Amino acid sequence: MTTETLNTPTDLSSNATRTVAQALNAILADTFALYLKTKNFHWHVSGPHFRDYHLMLDEQAAEIFAGTDAIAERVRKTGNTTLRSIGDIARHQSVVDNDADFVSPEAMLSELRDDNLRLVEALRAAKDLADAAKDNATSAMIDDWTDQAERRAWFLFETGRKG
Ligand SMILES: [Fe+2]
C-alpha cells in the first residue's frame, strides 16, 4: 500500500494543491500548539483576574480546537495527506511551546496575542497560495480562520491593557 491509495478525486492541479497542503499542515501544527498553550495558560493562570482570564482562555481554546478538524479535512479533500501524531505536530510547528513553571498573567496574554498574530500572517500567506492554485474553498475558509485569530488577538490585547 502506498499513499496513492489515499488519493482524493479533485480537478485542482496536484502540484499547486501540494503547496497549499504544506502551508495548511504547518498551520494545523501551529493550531494544535496554540490550542495546547492556550489550555496550559487556562490551567495555570493566577491572580486577581483569574476568573476572567481562565474563562476567556477556555473559550479561545475551544475555538482553536474546533478549527483543527476543518484544516485537516481541507487538506484531505484536495488529495493530500495531513498530520498523524504529536511528533508530526512537533516537527511542523513554528509556535514556540512555553514549559515555564510560572508565567505571569500579563505575559500569558501578550504571548498568546503575538502567537495569534503570527498565525494570521501564516494564514494570509496560505491564502495567496490557495488563490494561485484556484482553490477557492480553502481561500474562503482561511478568511474565517483569519477573522477568528484576529478576534482572539483583539480580546487578548484589550484584556491585557493597563488602564
Ligand atoms: Fe477547564
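Predicted model: local features only at pLDDT ≥ 70, side-chain atom pairs only at ≥ 80, totals over all residues.
**Helix 2 with helix 5**

- The two axes, helix 2 and helix 5, come within 11 Å and cross at roughly 165°.
- Angles over 145 degrees count as roughly antiparallel, so helix 2 and helix 5 are roughly antiparallel to each other.
- As for handedness, helix 2 and helix 5 make a left-handed crossing.

**Helix 4 with helix 5**

- Helix 4 packs on helix 5 at an angle of about 160°, and their axes are 9 Å apart.
- That angle makes helix 4 roughly antiparallel to helix 5.
- The contact of helix 4 with helix 5 has 14 nonpolar, six polar and seven charged residues.
- The crossing of helix 4 and helix 5 is left-handed.

**Helix 4 itself**

- Helix 4 covers residues 105–132, and its 28 residues should span 40 Å at 1.5 Å a residue. The C-alpha atoms at its ends are 41 Å apart, which agrees with that expectation.
- Which residues of helix 4 are buried? They are Pro105, Met108, Leu109, Leu112, Asp115, Asn116, Leu119, Val120, Leu123, Ala126 and Ala130.
- Those buried residues of helix 4 pack against helix 1 (14–44), helix 2 (50–77) and helix 5 (136–160).

**Alanine 61, a residue to look up in helix 2**

- Alanine 61 is part of helix 2.
- Is alanine 61 buried or exposed? Its relative accessibility is 0%, so alanine 61 counts as buried.
- Leaving out residues up to four places away in sequence, alanine 61 touches Tyr35, Thr38 and Lys39.
- Alanine 61 and alanine 122 are 61 residues apart along the chain, and their C-alpha atoms are separated by 19 Å.

Technical notes. Residues numbered from 1 in each chain as written. Heavy atoms only, no water. Helix = DSSP H or I, 4+ residues; strand = E, 2+ residues; numbered from the N terminus. Expected span 1.5 Å × (residues − 1). Buried < 20%, exposed > 50% of the residue type's maximum accessible area, 1.4 Å probe, protein only. Contact = heavy atoms within 4.5 Å. Axes fitted to C-alpha atoms, helices over the stretch in contact; angles between N-to-C directions. Parallel < 35°, antiparallel > 145°, perpendicular 65-115°, else oblique. Left-handed = near helix turned anticlockwise from the far one by under 90°. Nonpolar A, V, L, I, M, F, W, Y, C, P; charged D, E, K, R; others polar.
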